[in-house]
Amino acid sequence: MPGPENEMENCIFCKIANGEIPSTTLYEDDMFRVIFDLGPASKGHALILPKEHFADVTEISEEYAAKVLLVAAKIGKAMKKALGCTGFNLVQNNGLSAGQTVFHFHMHVIPRYDDGSKIVAWDPGTLDPEEAKKMQKKISEALD
Ligand SMILES: [Zn+2]
């Protein structure tokens, strides 16, 4: 049976966030659970999971959207103290093409160490001013 309700019943992150599936929890409050990523990009790589189901950032409620960065900051700060990382990346993927594999909103907190590893990196291109103007017009017209 397709439909959002069934999707949530089968959602692994709903089950983990709400404690139906046990996980190593770094932090929990009434809205979020923070766990370790099972395929870490670096030592201590964590995932912030909302306890409510949202497929991605375009669906997340304002309440959760406002809180998630505060939780990310709290976790990042604790990682610097506890793990000795010198920085951390917040990564949040939306859609298959962006690398999202579980369609329950989550934010990665990826500790960074001064080890030269490349985790979130790209080769900068150039921005054509004409193309920028066209894109600016199209995007501003598409804003809700
Ligand atoms: Zn879910």
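The model is a predicted one, in which local features need pLDDT of at least 70 and side-chain atom pairs count only at pLDDT 80 or more, while totals for chains, interfaces and linings use all residues. Residue numbers start from 1 along each chain as its sequence is written.

Four helices and five strands make up the protein, where helices (H or I, at least four residues) and strands (E, at least two) are DSSP runs numbered from the N terminus. Along the sequence they follow the pattern α-α-β-β-β-α-β-β-α. The C-alpha atoms fill a box of roughly 50 × 45 × 25 Å along the principal axes. Of the 144 residues, 20% are buried, a residue being buried if 20 or more other C-beta atoms, placed from the backbone, lie within 10 Å of its own. Among contacts (C-beta atoms, placed from the backbone, within 7 Å) with a separation of 6 or more, 58% join residues 24 or more positions apart.

We now turn to the sheet. Its five strands form an open, antiparallel arrangement in the order S1-S2-S3-S5-S4, with pairing taken to require at least two DSSP bridges between two strands. Strands S1 (25-28) and S4 (87-91) lie at the edges, each pairing on one side only. The twist averages 20° from one strand to the next, with angles running from 0 to 180 degrees between the N-to-C directions of axes fitted to C-alpha atoms, for helices over the stretch in contact. S4 is joined to the antiparallel strand S5 (residues 107-112) by five bridges, and Leu-90 stands opposite Val-109 in S5. Helix H3 (residues 62-83) packs on the sheet and touches S1, S2 (32-36), S3 (46-50), S4 and S5; the direction of H3 makes about 25° with that of S5.

Methods
A residue is buried if 20 or more other C-beta atoms lie within 10 Å of its own, exposed if 12 or fewer, and partly exposed in between; C-beta atoms are placed from the backbone. Two residues are in contact if their C-beta atoms, placed from the backbone, lie within 7 Å.
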